[in-house]
Amino acid sequence: MAVCARLCGVGQSRRCRRRQRQNQQDQGSDSDMDEEEEERIVGQRQGYVGGGGGGPESGVATAGPSDACEYGSGHVNRRGCPERTSTGPPHPQSLVELPPELLVEIFSLLPGTALPNVALVCKKFKQILHTETIWRRRCMEEFGMKDDLRKMEVGGVSSRDLYVKRVNPRVKSGRFMKLLPDYEHMDYRDVYTHLLHPYRHILGLWQPDIGPYGGLLNVVVDGLFIIGWMYLPPHDPRVEDPMRRRPLFRIHMWESKKATVECMYGHKGPHKGDIQTGKKDEFSTKCNQTDHHRMPGGRQEEFRTWLEEEWGRTLEEIFHEHMQELILMKFIYTSQYDNCLTYRRIYLPPTMPSDLLQPGLFKGTYGSHGLEIVMLSFHETSARATKLTGDPNVPAGQLTLDVDLSRPVFLPDLEQQRNIEELSRLVLGVHEEVQREAEQRAKGASATAGGAAEGACGSTSAEAGVEADHGICPDSCQPEPSSTTTNADEAKPFVLPLGVTARNEVYPRTCRKCFYGTGLIAGHGFTSPERTPGLFVLFDQDRFGFIWLELKSFSLYSRLTDNLAHAHAPNMERFEAMLRNMQSWTS
């Protein structure tokens with residue numbers, strides 16, 4: 001071994017001249033081996049590898065991977081194994097032997113939470129994990145961050161917030177300096193490690209605990225910021241307008257390797273804040289400088305500014321006295337929190353192929369309470385709308401609409417649709433059948449075996465009564481559907497009955513389907529809640545309505561089209577558990 005090292009200076013791991021001379025002597029001593037014997041040996045080795053008998057008749061024989069000499073020149077030594085004389089690259093025996101560019105590609109596919117453990121394997125892995133490509137891909141795929149950190153725009157910040165007056169008058173370069181992060185000395189690993197990963201649990205949709213009013217908060221990654229946007233419905237009654245957004249807090253990296261939380265509430269710009277994450281699916285915000293929420297004109301100026309933002313009008317323009325009281329009550333109640341709120345996670349409803357329309361968030365009209373946000377979800381044969389924003393009568397989290405998809409209602413012609421009594425007769429007929437079935441089920445559950453049999457007979461008669469309501473029986477309270485209404489997806493003419501009030505006079509004049517449903521009404525303070533019958537009207541995939549028969553009012557709902565990331569429910573069981581918790585929060 002030492003002789004080899006002295007001859008060529010490369011050691012045993014590489015081929016030396018002495019070994020090459022020895023190989024040539026071995027090949028000369030084997031010159032008496034004829035060609036047929038060589039083919040027989042090579043063919044025999046191919047049969048061991050490939051599982052078949054290779055010979056001169058079966059074509060050219062090639063050695064398999066198990067020969068450990070696949071890079072050889074084809075010469076055979078005394079032991080019958082081809083000799084390796086090629087200088088081709090050997091097969092890597094472990095990940096450590098892979099080229100760095102392949103390791104970068106492999107590590108880029110791993111989740112960011114697993115990369116710190118990878119760095120503990122060896123020094124080579126630790127050095128490779130300093131590559132920006134790996135962390136840039138993790139930031140993009142896991143959090144949707146933009147591609148180029150050096151050219152990233154600042155989101156959620158006004159131009160006024162980006163500049164402040166210089167405190168050093170001796171600086172002659174200008175009166176203002178720009179407040180931007182030091183992008184040149186910041187890398188994706190710092191952003192992932194100190195900003196995105198520590199605050200990943202607060203991304204998604206949340207409902208603030210603001211008493212009966214609730215709300216909708218969406219926490220997203222925007223550039224080098226994590227911003228909490230409060231979603232506000234359009235100004236009443238423009239339900240078709242897009243949602244309005246207002247930032248409540250933001251988390252950013254003003255300095256390398258340090259994340260800062262700022263409160264965005266008020267009219268004096270961002271200031272110090274704090275975020276606390278205690279329980280699972282829950283976090284709290286706290287403002288450390290509540291004086292930034294105050295205005296020079298006192299509470300009156302704050303109320304006028306809030307009213308302009310919330311309703312888009314002044315108090316003098318609101319002539320309804322009851323509405324003025326509701327608006328003033330909401331301002332007093334919500335302003336006392338000073339952005340020190342607790343948020344609970346909510347999910348978007350899962351989508352099933354059998355759904356009547358795509359579930360999701362909708363904004364709808366609620367009389368003098370203005371526009372509110374509801375979540376439409378489907379549960380087998382029922383559709384449910386849950387309030388995300390509420391009012392003193394029916395608070396957020398309550399089931400505002402419950403629609404029975406197994407009980408369609410066939411509308412008469414336009415002339416009869418204008419008659420509120422005719423519509424009430426159709427809907428109340430179905431409502432009475434539902435009540436009778438519920439009573440019979442209750443009697444059947446508490447009766448004896450004979451009484452249970454009578455309850456079964458009663459349920460059969462109830463089913464016949466439901467069929468009569470659907471237009472099969474001649475004495476039905478509904479007209480038999482004509483041939484033009486047999487197509488479920490065909491547009492049918494629709495008009496509101498006379499005497500039914502609507503906040504929005506512009507509503508669709510055609511509908512696709514109608515179903516029996518109930519709506520939740522209650523007194524002030526959620527007293528004496530009860531479900532009242534009504535008519536659910538499906539206009540298209542993005543709009544539906546509900547006629548409240550007892551209130552003689554109409555609510556129009558329009559889909560919220562904003563892209564909401566990190567908000568989908570893991571499964572239906574988790575979503576239904578969330579709905580039950582929402583109702584318990586405000587019950």
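Reply: Let us begin with Glu-262, which has a relative accessible area of 14% and is therefore buried, where buried means under 20% relative accessible area, exposed over 50% and partly exposed in between, with a 1.4 Å probe and protein chains only. Please keep in mind that this is a predicted model, in which local features need pLDDT of at least 70 and side-chain atom pairs count only at pLDDT 80 or more, while totals for chains, interfaces and linings use all residues. Residues are numbered from 1 along each chain as its sequence is written, and side-chain values use heavy atoms, with hydrogens and water left out.

Me: Where is Glu-262 found, and which side chains does the side chain of Glu-262 make a polar contact with?

Reply: Glu-262 is in strand β7, residues 258-263, with helices (H or I, at least four residues) and strands (E, at least two) taken as DSSP runs numbered from the N terminus. Its side chain makes a polar contact of 2.8 Å with the side chain of Arg-250, and another of 3.4 Å joins the side chains of Glu-262 and His-252. A polar contact here is a pair of N or O atoms within 3.5 Å; within protein, one must be able to donate a hydrogen and the other to accept it, and residues adjacent in sequence count only if both atoms are side-chain atoms.

Me: And what else is Glu-262 in contact with?

Reply: Leaving aside neighbours within four places in sequence, Glu-262 is in contact (heavy atoms within 4.5 Å) with Phe-249, Arg-250, His-252, Pro-270, His-271 and Gly-273.

Me: Switching to rings, how many aromatic pairs does the structure hold?

Reply: There are 21 aromatic pairs, counted when rings of Phe, Tyr and Trp (its six-membered ring) have centres within 6.5 Å, with planes under 30 degrees apart called stacked, over 60 edge-to-face and the rest tilted. One of them is the tilted pair of Trp-306 and Phe-331, at 5.4 Å centre to centre and 50° between the planes. This pair links distant parts of the chain, since Trp-306 is in helix α9 (residues 298-311) and Phe-331 in helix α10 (residues 321-335), 25 residues apart, and both residues are buried.

Me: Why is the pair of Tyr-366 and Tyr-557 edge-to-face?

Reply: Their ring centres are 6.0 Å apart and their planes stand at 80°, so the pair is edge-to-face. Because Tyr-366 lies in the loop between β11 (360-365) and β12 (371-379) and Tyr-557 in strand β21 (residues 553-559), the pair ties together parts that are 191 residues apart in sequence. Both tyrosines, Tyr-366 and Tyr-557, are buried, and they belong to one aromatic cluster together with Phe-362, Phe-536, Phe-544, Phe-546 and Trp-548.

Me: OK, cavities next: how many of 30 Å³ or more does a search of the whole structure find?

Reply: The search finds three, a cavity being a set of points, on a 1 Å grid over the protein atoms alone, where a 1.4 Å probe fits but cannot get out, and lining residues having an atom within 4 Å of a point.

Me: What lines the largest one?

Reply: The largest cavity is lined by 35 residues, with Tyr-213, Leu-232, Glu-310, Lys-330 and Thr-334 nearest its centre, and the largest share of that lining, five residues, comes from α10.

Notes
1 Å grid on protein atoms, 1.4 Å probe; cavity = no way out; pocket = protein on both sides within 12 Å on 5 of 7 lines; lining within 4 Å. Points joined across faces, edges and corners; volume = space filled by probe spheres on them.
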